[in-house]
Amino acid sequence: MDLVRSIVLASAFAFSSVPMVLAQDFDKGLSAYNNFDYATAVTEFMPLAERGNVEAQKYLGTIFQWGFGGLTDLHKAATWYQSAAEQGDAEAQSNIGYMYFYGLGVRQDGRTAISWYKLAAEQGFEPAQFGLGYAHQEGVGVLQDNVRAHMWYNISATNGGWSGAQNRGVIAKRMTNEDISEAQAMARECMSSGYRSCGW
């Protein structure tokens, strides 16, 4: 009986220590990342990412997207961003949307980009809101629409997006006062609804 109890207690201790070990490994990866030791960061983040750790997945995506430490691999970047995005992380959803928008590591697909941007925008993630504005301005993945572009740029600017404010000013020069008023009303409705009533 004592042997069984000892095994149970040992197992419980082993499992309870897993989160602590994972946290320590993440901290090692983060420390390496912050010290520009990207090879070590990848070594520490990779097993965590493979276990589904969203933050580790995003760091790997960033390292591979921007080629930190000479580790450029856009396909891997997209893969890790998508893994995190599928778990509902807004930043990752915006990042994989960006990858699809420009065809980085994946086949260029405007509609898929918009789908990911929408999910992130609904969570209030400003870069995705800017992305939707730009998509509507250029007609990528959606019909070209200055009113909707202005709406999303306005929302982006309200949430602190400098580029959103800049582009809102540029596109307003192509619009009538009536169109601008409509876009502003749409932006207010979208934001007041918690990004649920945004003319999806």
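Helices here are DSSP runs of at least four residues, numbered from the N terminus. The model described is a predicted one.

Helix α3 spans residues 54–66. Glu 55 and Lys 58 both belong to helix α3. They stand 3 residues apart, about one turn of the helix. The two residues form a salt bridge, and their closest N and O atoms are 3.3 Å apart. Glu 55 has a relative accessibility of 36% and counts as partly exposed. Lys 58 has a relative accessible area of 9% and is buried. The cut-off for burial is under 20%, so Lys 58, at 9%, falls in the buried class.

Lys 58 has a further partner. Its side chain meets that of Asp 89 in a salt bridge, at 3.2 Å from N to O. Lys 58 lies in helix α3, whereas Asp 89 sits in the loop between α4 (74–85) and α5, so this pair ties together parts that are 31 residues apart in sequence. Asp 89 is buried as well, with a relative accessible area of 15%. These contacts belong to a wider set. Glu 55, Lys 58, Asp 89 and Glu 91 are linked in a network of salt bridges. The count for the model comes to 6 salt bridges.

Another salt bridge joins the side chains of Arg 196 and Glu 122, again with an N to O distance of 3.2 Å. Distant parts of the chain are linked by this pair. Arg 196 is in the segment after α10 (177–192), and Glu 122 is in helix α6 (residues 110–122). The separation is 74 residues. Arg 196 counts as exposed, at 56% relative accessibility. Glu 122 is partly exposed, with a relative accessible area of 22%.

Gln 123 is placed in the loop between α6 and α7 (126–138). Its relative accessible area is 47%, and Gln 123 is therefore partly exposed. Exposure over 50% would be needed for the exposed class. Gln 123 and Asp 89 are 34 residues apart in sequence. In space, their C-alpha atoms are 9.1 Å apart.

Helix packing was examined next. α5 and α6 pack at an angle of about 160 degrees. Their axes are 8 Å apart. Angles over 145 degrees count as roughly antiparallel, and α5 is therefore roughly antiparallel to α6. α5 passes α6 in a left-handed crossing.

A second pair is formed by helix α8 (residues 146–158) and helix α9 (residues 162–172). These helices pack at an angle of about 150 degrees, with axes 8 Å apart. α8 and α9 are therefore roughly antiparallel to each other. The crossing of α8 and α9 is left-handed.

The surface also carries a nonpolar patch. Trp 66, Tyr 98 and Tyr 102 make up this patch, which covers about 340 Å². Tyr 98 is found in helix α5, which runs over residues 90–102. The relative accessible area of Tyr 98 is 33%, and the residue is partly exposed.

Technical notes. Residues are numbered from 1 along each chain as its sequence is written. This is a predicted model: local features need pLDDT of at least 70, side-chain atom pairs count only at pLDDT 80 or more; totals for chains, interfaces and linings use all residues. Side-chain values use heavy atoms; hydrogens and water are left out. Patches are made of residues with over 30% relative accessible area and no salt bridge: like charges are joined within 9 Å, nonpolar side chains (Val, Leu, Ile, Met, Phe, Trp, Tyr) within 5 Å. Accessible areas come from the Shrake-Rupley method with a 1.4 Å probe; for residues, only the protein chains shown count as cover. A salt bridge is a side-chain nitrogen of Lys or Arg within 4 Å of a carboxyl oxygen of Asp or Glu. Helices (H or I, at least four residues) and strands (E, at least two) are DSSP runs, numbered from the N terminus. Buried means under 20% relative accessible area, exposed over 50%, partly exposed in between (1.4 Å probe, protein chains only). Axes are lines fitted to C-alpha atoms, for helices over the stretch in contact, and angles run from 0 to 180 degrees between N-to-C directions. Angles under 35 degrees count as roughly parallel, over 145 as roughly antiparallel, 65 to 115 as roughly perpendicular and the rest as oblique. A crossing is left-handed if the near helix is turned anticlockwise from the far one by less than a right angle, and right-handed if clockwise.
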